[in-house]
Amino acid sequence: MSENRIPYKIYLSEDEMPKSWYNLRADMKNKPAPLLNPGTGAPMTAEELEGVFCKELVQQELDNDTAWFAIPQEIRDFYKMYRPSPLVRAYCLEEKLQTPARIYYKFEGNNTSGSHKLNSAIAQAYYAKKQGLRGVTTETGAGQWGTALSMACGYLGLDCRVYMVKCSYEQKPFRREVMKVYGASVTPSPSETTNVGKKILQEFPGTTGSLGCAISEAVETAVSHPGYRYVLGSVLNQVLLHQSVIGLESKIAMDRYGVRPDIIIGCAGGGSNLGGLIAPFMGEKLRGEADYRFIAVEPASCPSFTRGRYAYDFCDTGMVCPLAKMYTLGSSFMPSADHAGGLRFHGMSSILSQLYADGYMEAVSVRQTDVFEAAEEFARVEGILPAPESSHAILAAVNEAKRCRETGEAKTILFGLTGTGYFDLVAYEKFHSGAMQDFVPTDEEIGKSLSRLPKVE
C-alpha cells in the first residue's frame, strides 16, 4: 500500500486485539538473572515470592521459557473499554521539523488513568481477585500507576492502598484525588505509618521520597495484613509481560501497511513502557528475523542505564525486597524532586538490563528543561499535552528526526507516548515561569550510593 494512503490514526478492530501476552524472555539467549533472597543469597523460590505477590503472578514472574500467555477473557473484555489504542502517524510534527523521517507514536493515554499502566493494573487486580484476596498495596511515582490500580481495584471490588512519593503527592493533588474517587487510600511516602517509613525519615530527614521508599512501605503493609498482596507497576518480569500488548498492537498496525520501524524509542524509568513497546520487535531481533535500533531515554537526574552499575541490588530503599540484578544507582540513591515522577526509580528492569548489557539497546539521558521544550513543541503541532515521562521519548524522537534532516535519510521512527500531562500542569507552570532547574547528580553522590550495594558473590 502506498505511503500517502496511511491514515493519521490507525485503529485495530476488537478482533485484531492480541489474545496472548508475549514473554520476551523466551527468545533471550542470556536470561535475566534470578531474584535472590537477601538473607541466603539463593534464588527466590515460588513459595517465598507467594508471601508477597499473587500466586499466578509469581508463575509469570519466574517463567523464562513460555513464549505466550493467554490473556483471560475477563481482562480482554476490560481492555475493550480503551483498547486497541491508536497508532498515530505524526504528519504535523514531520512537517514542523522539515524532516524526511517518518514518525509514528503509540498513544496510550485514552483512559482515565492517562497512561499505559492500566494494561498491567487490571491483570494484577484480576489475579488478586481470583485468588480470593481482600486487597492489594502498591507505590506510585507520578501517580499514573496508582490511578490505574485504583481504577482496576474499584472495578473488581478490591481494597487498594497506595503509597505515593511525597514530592508527587504534593505536586499532583488532582491525580491523588482521582485515586480516591476510585476508592483507594493514598499516603505520602515516606510516612510514619510503617516501620520502614519511620526509619527512612530518621536517616533522610526532610526527604521528598523516592519510588524505592514507597515500595518498602507498600511491601511492609502487604505482608503485615492478612488477605493482602503487593503489586508493582514496573520493573518486574510480569509487568513487562502484560505491557507487551502495546508492542503487539503496534506491530499488527504497522504490518497492515507494510511499515517497518528503523528506530524504536521509549522513556525508561523501571522499564514497563519501554519493555512493552519493544517486545515483539526485540523478539524478531533476537531470533535473527529483523534488525531494529532501540533507544531507552532516561532523565539525567536519575540515570540508571547511563551512569549506573550492572549489579545485584535491593529494589527498595528499606532493603526488604529481593535482590535483582539490574542497572542501578544504588537503593539509597535519592533522586531530586524533578517532574519526571514516574522515571525516578534507582534501578531498571532485569530484562532490559540484560538486553542493554548484551548490546541490544542504546540509552541516553536528557535534562528536564529540554524535555519540556520538546513536550510543548509536540503539543502545539500534534494536539496532545504529553506527560513529562512520555516527553523524554518525544525529545529523543525529535533529535533523531533532525539527524535525518541533516543526513537526508528517511528513517522510520516509532516511539511510545505513554500518557497525557493534564495532571502535570504544576510542572508546565514551573517551566513557563523559569523556575524549573536541571538536576544532575554528581559522581560523588552516585558513588556514595553505589558503595552501599549488597555484597553478592
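Trainee: What makes β11 and β14 a pair of strands?

Mentor: Strand β11 (residues 293-299) is joined to β14 by 5 bridges, and the two run parallel. Two strands pair if DSSP finds at least two bridges between them, so with 5 bridges β11 and β14 qualify. Within β14, Val-364 is the bridge partner of Val-297. Do keep in mind that this is a predicted model, where local features need pLDDT of at least 70 and side-chain atom pairs count only at pLDDT 80 or more, while totals for chains, interfaces and linings use all residues. Residues are numbered from 1 along each chain as its sequence is written, and side-chain values use heavy atoms, with hydrogens and water left out.

Trainee: Why does β14 count as standing at an edge of the sheet?

Mentor: The open sheet has 7 strands in the order β1-β4-β5-β15-β10-β11-β14, with mixed pairing. Both β1 (9-10) and β14 (362-366) have a single partner strand, so one side of each lacks a neighbour in the sheet. As for the names, strands (E, at least two residues) and helices (H or I, at least four) are DSSP runs numbered from the N terminus.

Trainee: Is Thr-412 called buried or exposed, and why?

Mentor: Thr-412 belongs to strand β15 (residues 412-417). Its relative accessibility is 3%; buried means under 20% relative accessible area, exposed over 50%, and partly exposed in between (1.4 Å probe, protein chains only). Thr-412 is therefore buried.

Trainee: And what makes Lys-180 fall into its class?

Mentor: Lys-180, in helix α8 (residues 173-181), has 38% relative accessibility, so Lys-180 counts as partly exposed.

Trainee: Which residues does Thr-412 touch?

Mentor: Leaving out residues up to four places away in sequence, its contacts (heavy atoms within 4.5 Å) include Arg-102, Tyr-104, Met-254 and Ile-263.

Trainee: How do you know that the length of helix α5 agrees with its number of residues?

Mentor: The expected span is 1.5 Å times one less than the number of residues. For the 13 residues of α5 (residues 118-130) that gives 18 Å, and the end C-alpha atoms are 18 Å apart, so the two agree.

Trainee: Why is α5 described as largely enclosed?

Mentor: Because 11 of its 13 residues are buried, among them Leu-118, Ile-122 and Tyr-126. The buried residues of α5 pack against elements including β2 (20-22), β6 (135-140) and α11 (237-256). Just after α5, Gly-132 takes a positive phi of about 85°.
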